[in-house]
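Subject: Structure handover

Hello,

Please find the structure below, with the sequence. My notes on what was found in it follow.

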Amino acid sequence: MEPMSKTTNPASKDIFDVCKGSFEKIKGHAERVTPQYLQSFSNLQQEYFGIWANFVNSTLAVQQQYANKIGMSTNTTEPVSRVVQDSTDEIIKLFDVQNKIVQTALDATKQNLKTINENATAFAELNHNIVNSWLSTWARN
């Protein structure tokens, strides 16, 4: 069987070329704007941390000022200091565990995407072979 010939009308375009061009345009745009999204998120996160630090430091300063003005003792005992330090250490451990979980999930996602890509390539090759087999069978008749 002979492949269908393309039309020679210069005003017409091959649909696959049109689709590929459209995809490349969308992909290029996504590749340009995605870093902007990531930078905006990073900037927002930095602003959040700055505001959070300012809030905590301001609150502690005001409370310390009031305690000093009314003559309240701010000395603490060793057990209370230990609870605060232990809590801080546990929160830091929590962040480390969370980070490991996120990194593991991202690594697994990356591996899954790689597998999907390999499977898509194998599937396309299989389809190509099937079509060629069919065409060669029909061409003999």
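I will begin with a charged pair: Glu90 and Lys93 form a salt bridge, with their closest N and O atoms 3.4 Å apart. The model is a predicted one, so please read this distance and every other value here as computed from predicted coordinates.

The structure holds 3 salt bridges. A second one joins Arg82 to Glu78, where the closest N and O atoms are 4.0 Å apart. The cut-off for a salt bridge is 4 Å. Arg82 and Glu78 are 4 residues apart in helix α2, so about one helical turn separates them. Arg82 has a relative accessible area of 43% and is partly exposed; Glu78 is partly exposed as well, at 48%.

Glu31 is partly exposed, with 48% relative accessible area, and Lys27 counts as partly exposed at 34%.

Side chains of opposite charge can pair when their charged atoms come close.

Next, the overall fold. The protein chain has 2 helices and 0 strands. Its radius of gyration is 32 Å, well over the 14 Å that the globule rule gives for 141 residues, so the chain is more spread out than a compact globule. Along the principal axes, the C-alpha atoms fill a box of roughly 105 × 35 × 10 Å. Of the 141 residues, 2% count as buried. The accessible surface of the chain is about 13,200 Å², and carbon and sulfur atoms account for 62% of that area.

Helix α1 covers residues 15-69, which is 55 residues. From its first C-alpha to its last, α1 reaches 80 Å, close to the 81 Å expected at 1.5 Å a residue. At the start of α1, a side-chain oxygen of Asp14 comes to within 2.8 Å of the backbone nitrogen of Phe16. Within the helix, Gly28, Val33 and Ala67 are buried. Just after α1, Gly71 has a positive phi of about 80 degrees.

Helix α2 covers residues 78-140, and Trp134 lies in it. Which residues make the nonpolar surface patch that includes Trp134? The patch is made by Phe123, Leu126, Ile130, Val131, Trp134, Leu135 and Trp138, and has an area of about 700 Å².

In short, what you have is a predicted model with 2 helices and 0 strands, 3 salt bridges and a nonpolar surface patch of about 700 Å².

Regards

Definitions and conventions. Residues numbered from 1 in each chain as written. Predicted model: local features only at pLDDT ≥ 70, side-chain atom pairs only at ≥ 80, totals over all residues. Heavy atoms only, no water. Expected span 1.5 Å × (residues − 1). Buried < 20%, exposed > 50% of the residue type's maximum accessible area, 1.4 Å probe, protein only. Polar contact = N/O pair within 3.5 Å; in protein donor to acceptor, adjacent residues only side chain to side chain. Patch = residues over 30% accessible without salt bridge, like charges linked within 9 Å, V, L, I, M, F, W, Y side chains within 5 Å. Areas by Shrake-Rupley, 256 points an atom, 1.4 Å probe, with all protein chains shown as cover. Salt bridge = Lys/Arg side-chain N within 4 Å of Asp/Glu carboxyl O. Rg over C-alpha atoms; globule rule 2.2 N^0.38 Å.
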